[in-house]
Amino acid sequence: MAYEVELKAAKQAALEAGKIILEVYFEDVEVILKNDDTPVTRADYASNAYILDRLIHEFPHHGFLSEESTDNLIRLEKDYCWIIDPLDGTKEFIKKNGEFTINIALVKGHDVVMGVVYAPVKEELYYAVRGEGAFMEKDGEVSRIHVSDRLVDLYALRSRSHETIRYAELLARHSERILVIHRMGSAYKGCLIARGDYDIYYNFGHTMVWDTAPVDLIVSEAGGYFRQLDHTGFLYNTKRIKNDKGFLILNRPENRLE
């Protein structure tokens, strides 16, 4: 498999960071509001420190962009850049519902070439390398994953903590096509679509590149459709780190809701 060294490092970093997070998961953790009013905890910072220390040590000539670190634009001059969310779904971590993940992606140029998403409470590790498929590891077993082929009676996901009226109205307009609607948090939603459990998710709000980078590749390598709401693809490791067009994840492009 291509990027074997990088993939091994990312998987191990995610697993170890997951252990660090779980050490404080059941404690009463202090919640701090950042300047953008999003929450952060010491679990976010501890996970971030571990992942960055490990990957910078192993890949000192790469660029790095992480949610909990100051952006250093020297990354734009690098052939490769790591994009990291050390705890995606902090609100879910605080609620203790288990629906949070660790996101790690490797970008070459402006394209994700390797992505890892780990859900520590569920002990599920998802990963993909460009051109080589998407996989899930659980209970010591590795399985290749693929989106469903459903075109009717679709299974839709909604965000647990970032719902919008616009998406609720869209689902209501297409209720005859949708059999199930379920709420879920973090990048885990994309992984559930990648493995065929669900078929549709739309996000009409703004996100950041570390929210989408690894799951973008995982969904795509599982045969799914991951695009901005104008149906253009994402470009990563650019100066702009906000995704302000929204995005959609589909098992099949035919299932677009307009």
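## Exercises: pockets, a cavity and a helix pair

The largest pocket has a volume of about 1000 Å³. This is a predicted model, where local features need pLDDT of at least 70, side-chain atom pairs count only at pLDDT 80 or more, and totals for chains, interfaces and linings use all residues. Residues are numbered from 1 along each chain as its sequence is written, and side-chain values use heavy atoms, with hydrogens and water left out.

**Exercise 1.** Work out which residues lie closest to the centre of the largest pocket, and which element gives the most to its lining.

*Solution.* Start with the term: on a 1 Å grid over the protein atoms alone, a pocket is an open set of points with protein on both sides within 12 Å along at least five of seven lines, and lining residues have an atom within 4 Å of a point. Next, pick out the centre: of the 40 lining residues, Thr-38, Glu-67, His-162, Met-208 and Asp-211 are the closest to it. Then go to the elements (DSSP runs numbered from the N terminus: helices are H or I, at least four residues; strands are E, at least two). Helix 6 gives the most, with four residues. Finally, sort by class: 12 nonpolar, 17 polar and 11 charged.

**Exercise 2.** Find the cavity and say what lines it.

*Solution.* A cavity is a set of grid points where a 1.4 Å probe fits but cannot get out. The whole structure has one of 30 Å³ or more. The largest cavity holds about 40 Å³ of space, a volume being the space filled by probe spheres set on the points, which are joined across faces, edges and corners. Its lining includes Ser-159, His-162, Tyr-167 and Phe-204. Strand 12 (residues 200-203) gives the most here, with three residues.

**Exercise 3.** Describe how helix 1 and helix 2 pack.

*Solution.* First, take the axes, which are lines fitted to C-alpha atoms over the stretch in contact, with angles from 0 to 180 degrees between N-to-C directions. For helix 1 (residues 4-22) and helix 2 (residues 42-58), they come within 9 Å and cross at roughly 155 degrees. That makes helix 1 roughly antiparallel to helix 2 (the cut-off is over 145 degrees).

How values were computed: Parallel < 35°, antiparallel > 145°, perpendicular 65-115°, else oblique. Nonpolar A, V, L, I, M, F, W, Y, C, P; charged D, E, K, R; others polar.
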